[in-house]
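Subject: Structure handover

Hello,

Please find the structure below. Some notes on what was found in it follow.

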Amino acid sequence: MSEIVLSLKNLETKYGQIYALKGISLDVYKGEIVTLLGSNGAGKSTTLKTISSLVPACGGTVEFYGKNITNAPPHEIVEMGVIHVPEGRRIFKELNVLENLEMGSFTLKDDVERRKRIERVFELFPVLAERSKQAGGLLSGGEQQMLAIGRALMTDPKVLLLDEPSMGLAPIIVQGIMDIIKTINDGGTTILLVEQNAKVALKLADRGYVLETGEIVMEGNADVLSKDDSIVKAYLGH
Amino acid sequence: MSFQEIFIQQVVNGLLLGSFYGLVALGYSMVYGIVKLLNFAHADVYMVGGFCSLTLLTLFKDTFLGNSWTGIVVSMLITMVIVGLLGVVIERIAYKPLREAPRLSLLITALGVSMILYNSVMVVTGGEYRAYKTGLGFQGISIGSVFVTHTQIILTVAAVALMLVLHLFITKTMYGKAMRAISMDLDCCRLMGVNCNKIIALTFFVGTALAASAGTMAGVYYGSLHFFMGFVIGIKAFTAAVIGGIGIIPGAMLGGLLLGLLESFGTQIPFIGSEWKDVFSFSILIIILIFKPTGLLGKKESERM
Ligand SMILES: Nc1ncnc2c1ncn2[C@@H]1O[C@H](COP(=O)(O)OP(=O)(O)O)[C@@H](O)[C@H]1O
Ligand SMILES: [Mg+2]
């Protein structure tokens, strides 16, 4: 296997006195798509938020290429190349599509490079180019998800953390988003994909972890997990 | 005076008054937009700005800068920087530690900061009025029997120009866009790599500097300063910000100009004296809020307090 890009070791996070993560460990190798599955409230979003330092870890470490980045300021983590696309897309509703993308490249000082990256995002998502002057809040759910991913790509990330990109989207749109994620991954970006929709996630991912009330209860190759009885029962339909 | 002349005179007066309100309202609105705080101390930094520029102007009087426009402009710019930094310090010491605290704690802290500022100035000035002496004359231009001084014209143009510069800053620069983005979703901005503390500090700097410029202009225009001068304009500017839609930058400018014009025309209503002008203007504003509770440029959701 290749190099480890992202490594969580016994990571703990709590809200008030309640632990949302009870010491989870997980590795993401270079070029992989790893999916983190689990039902509502399992701690998936908290895992991503802890990696991007939106909430502080109270134990354990997050390492990026072997460097300890636990609780580093969020903007430093972004500058290193770890970018988090939050649950619910969180588009800046009153900024237009172009301004949303520009916000994604906030840490970049070079305007020429910024324009180049915008062009690259527009190639990936032509619909965003058509709507570049439209307010983000007026886009459809699928378009907003594309904008959220495009905005994240503006930082030219090494690792993309995606929190439930399929949420609330029609199956056909979900498939489009998954194809895009695959394309981005083929371009060399490592991906940690959080999903409740285990079916599409396992189809796309190389490996998977299953989270349950703040603990990893299972891990393995995606094709193995998708045949596992307990996963089939819990997450892959009835 | 003919009806037309009265009209022109009130438009001129209203625009000047309104642009002061607008400049102060911008700070209220920007800070509310970004940290959801009604910054009561904002009216007092306006007052501090007036005194700061007066002090500088007095120093400049006998230098090559003089106390005419050159001296006034230089002292205003330096004042904007100094008082802008005061705004940053206030945020850092008084508000930043409370960013996760209930909004009420923040509100009370803002009241405290306000008291500290005006009481300090009261002690320093002995609570007296201070004359704002400039070397400006009383020349002007006449349109019929309407007389407008050069000072009035220059101050109005300067205030509107500052608002336009702010507007360009907010809409065209990355820092300006980040300010707007933070007011929509702070956590998401952190995920974009925005150093939010820096942008919040910048917002306080800009908002406070604009208030300080208005304080300077008010000194030049009215010719005197007082430690409590921020009180009334604070209420007016806050009202202007609400009328325009608090948190919305062009709204603050619009609200300020509208309130200035209403007040100015309020002095001309037949049969009731000009002391009723506030009643007139506030009645209209209440009516506006009844029909548009989030302000003229406000959005539909009513999550604002
Ligand atoms: N801001 C918060 N304050 C308190 N508890 C929270 C907060 N966010 C999440 N939690 C709790 O932490 C647990 C994990 O939440 P989350 O990470 O959002 O789960 P998931 O993304 O897997 O649905 C849940 O029990 C949730 O109620
Ligand atoms: Mg979640």
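Is B:Ile143 buried, partly exposed or exposed? B:Ile143 is partly exposed, with a relative accessible area of 41% (buried means under 20%, exposed over 50% and partly exposed in between, with a 1.4 Å probe and protein chains only).

Before the rest, the conventions. This is a predicted model, in which local features need pLDDT of at least 70 and side-chain atom pairs count only at pLDDT 80 or more, while totals for chains, interfaces and linings use all residues. Residues are numbered from 1 along each chain as its sequence is written, chains are lettered from A and ligands numbered from 1 in the order in which they are written, and side-chain values use heavy atoms, with hydrogens and water left out.

Chain B

B:Ile143 lies in strand β2 (residues 140-143) of chain B (helices are DSSP runs of H or I with at least four residues, strands runs of E with at least two, numbered from the N terminus). Together with B:Phe3, B:Phe7 and B:Ile8, B:Ile143 makes a nonpolar surface patch of about 410 Å². Areas come from the Shrake-Rupley method with a 1.4 Å probe, and for residues only the protein chains shown count as cover. Helix α1 (residues 3-35) of chain B gives the largest share of the patch, three residues.

B:Lys177, in helix α6 (residues 174-184) of chain B, is buried at 8% relative accessible area. Its contacts (heavy atoms within 4.5 Å), not counting residues up to four places away in sequence, include A:Leu95, A:Glu99, A:Glu102 and A:Met103.

Chain A

Six strands form an open sheet in the order β6-β7-β8-β3-β9-β10, with mixed pairing (two strands pair if DSSP finds at least two bridges between them). β6 (82-85) and β10 (215-221) of chain A are the edge strands, each pairing on one side only.

A:Val85 has A:Leu162 as its bridge partner in β7(A). Five of the five residues of β7(A) are buried, so this strand is largely enclosed by the rest of the structure. A:Val159, A:Leu161 and A:Asp163 point one way from β7(A), and A:Leu160 and A:Leu162 the other way.

Regards

Terms used:
Patch = residues over 30% accessible without salt bridge, like charges linked within 9 Å, V, L, I, M, F, W, Y side chains within 5 Å. Salt bridge = Lys/Arg side-chain N within 4 Å of Asp/Glu carboxyl O.
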